[in-house]
Amino acid sequence: MKKTLIASAIAAATFSGAVAAQESNMPTVYGNIQYVVYHADVKGGENGLEHADNGSTLGVKHDHEIAPGITGFFKLELEGLAADDKDRETGLEDVDEAYIGVKGDSFGQVWVGSDDSTYESAIDKIANFYEFAAYNFGGGYETGEGDLVQYMTPSFGGLTLGAAVQINGDLDDATLPDKSGEKSYPYQLAATYAVDNLELAVAMDSNDGAGGPNNENTYGVRATFDMDALSLTGQYQTRKDVGDRYGVHAVYAMGANQFAASYELDVADDANDTERDTLTLQALHNLSDHMYVYVEGYLGNGDDGVYGVANESERSAVAVGGVYYF
């Protein structure tokens, strides 16, 4: 399961703590507990009712002024709590985000460590929006979220540029014996332009290094248009000799409630143009400034064998969850 908290929820949860931390120069501590009960029905795969931790995390962050106009910052976020499993002997054993950096109004910001990548932040909005997110499609790019050096410019009249490089070192002989000893530095480039209620983004991932079907570039474009309570997004990603991914997404906010829907289509670049799709619906209700509940439904179909996956032809799920965050 993949889980990224709604940005507005995180902002609301950490605002008061951030103010107090800045006044005392103490780090801000934040976290969340995420529970979900879901029923999955996947042809040839997972079936039945399950209760699970959906990505509970605990984090700490801090920033301080190095010099006038220059700020140093860090963030450490741990996940893997598995709050549903009392008998598990360890917890918070996985690093979700861990980085340090420097930022300033005149030069932007540069940071090093593990974080959402430049491409992911610019393009991959749909998969990162939903809570359960078991059957949404990621972008089909290989550069991960660790060992990254990232840079983002300040805004130039609404235009922001970003770049990232992953420092992998020598490639593993067992993984790519034909490239033994070569260096691997996959990189990403992105540009985002925001004007009035419209945001446009384009990005690429070089996909160099070990893993994945090939090292052809992944290219993505996204457009998001906000109309007060309604937000509409369309995105497209493509990779030569791998496939194309399309997605449309709508979110409507009404008081303490949020309703969302998306449709995603994945077409493989093979002899049969095999494809799969997913329809996702969400209803979310904010109980308070620190707690919300949601229901999500997933319905997918497609041809067997997309990207070598044999059980993608029929799949459905209903997820009911709750999140408490501070």
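Biologist: How do I read glutamate 199: buried, partly exposed or exposed?

Modeller: This is a predicted model, so everything we say is about that prediction. Under 20% relative accessible area is called buried, and over 50% exposed. With a value of 29%, glutamate 199 counts as partly exposed.

Biologist: And which residue does glutamate 199 form a salt bridge with?

Modeller: Start with the general idea: side chains of opposite charge can pair when their charged atoms come close. Here the partner is arginine 222, and the closest N and O atoms are 2.7 Å apart. Arginine 222 sits in strand β13 (residues 218-227) and glutamate 199 in strand β12 (residues 198-205), so the pair links distant parts of the chain, 23 residues apart. Arginine 222 has a relative accessibility of 7%, so it counts as buried.

Biologist: How many salt bridges turn up in the whole structure?

Modeller: A search finds 5. One of them is between the side chains of glutamate 142 and arginine 239, at 3.3 Å from N to O. Glutamate 142 is in the loop between α3 (125-129) and β7 (148-152), while arginine 239 is in strand β14 (residues 230-239), so this bridge ties together parts 97 residues apart in sequence.

Biologist: Are those two residues buried or partly exposed?

Modeller: Use the cut-offs from before. Glutamate 142 has a relative accessible area of 32%, so it is partly exposed. Arginine 239 comes in at 3%, so it is buried.

Biologist: Which arginine does aspartate 266 meet in a salt bridge?

Modeller: That's arginine 276, with 2.9 Å from N to O. Aspartate 266 belongs to strand β16 (residues 257-268) and arginine 276 to strand β17 (residues 275-286), so the bridge ties parts that are 10 residues apart in sequence. Both aspartate 266 and arginine 276 are buried. Salt bridges can also share partners, and that is how Arg245, Asp266 and Arg276 join into one network.

Biologist: Which strands pair with β19?

Modeller: Check each partner in turn. β1 (residues 28-42) pairs with β19 in the antiparallel sense over 11 bridges, and valine 42 stands opposite arginine 315. β18 (residues 291-302) also pairs with β19 in the antiparallel sense, over 11 bridges. There, leucine 299 stands opposite serine 316.

Biologist: What about the largest nonpolar core: which residues touch the most other members?

Modeller: To read a core, look for buried nonpolar residues joined through their side chains. The largest one has 21 residues, and Val36, Tyr38, Tyr130 and Phe132 touch the most other members. β1, α3, β18 and β19 each supply at least two of its residues. A second, separate core has 7 residues, including Tyr119, Ala122, Tyr141 and Ala203.

Biologist: One last residue. What does the side chain of threonine 233 make polar contacts with?

Modeller: Threonine 233 lies in strand β14, and its relative accessibility is 6%, so it counts as buried. Its side chain has a polar contact of 3.5 Å with that of lysine 125 and one of 2.9 Å with that of threonine 224. Leaving aside neighbours within four places in sequence, the residues in contact with threonine 233 include Arg222, Ala223 and Gly247.

Methods:
Residues numbered from 1 in each chain as written. Predicted model: local features only at pLDDT ≥ 70, side-chain atom pairs only at ≥ 80, totals over all residues. Heavy atoms only, no water. Pairing = 2+ DSSP bridges. Helix = DSSP H or I, 4+ residues; strand = E, 2+ residues; numbered from the N terminus. Salt bridge = Lys/Arg side-chain N within 4 Å of Asp/Glu carboxyl O. Buried < 20%, exposed > 50% of the residue type's maximum accessible area, 1.4 Å probe, protein only. Core = buried A, V, L, I, M, F, W, Y, C linked by side-chain atoms within 4.5 Å. Polar contact = N/O pair within 3.5 Å; in protein donor to acceptor, adjacent residues only side chain to side chain. Contact = heavy atoms within 4.5 Å.
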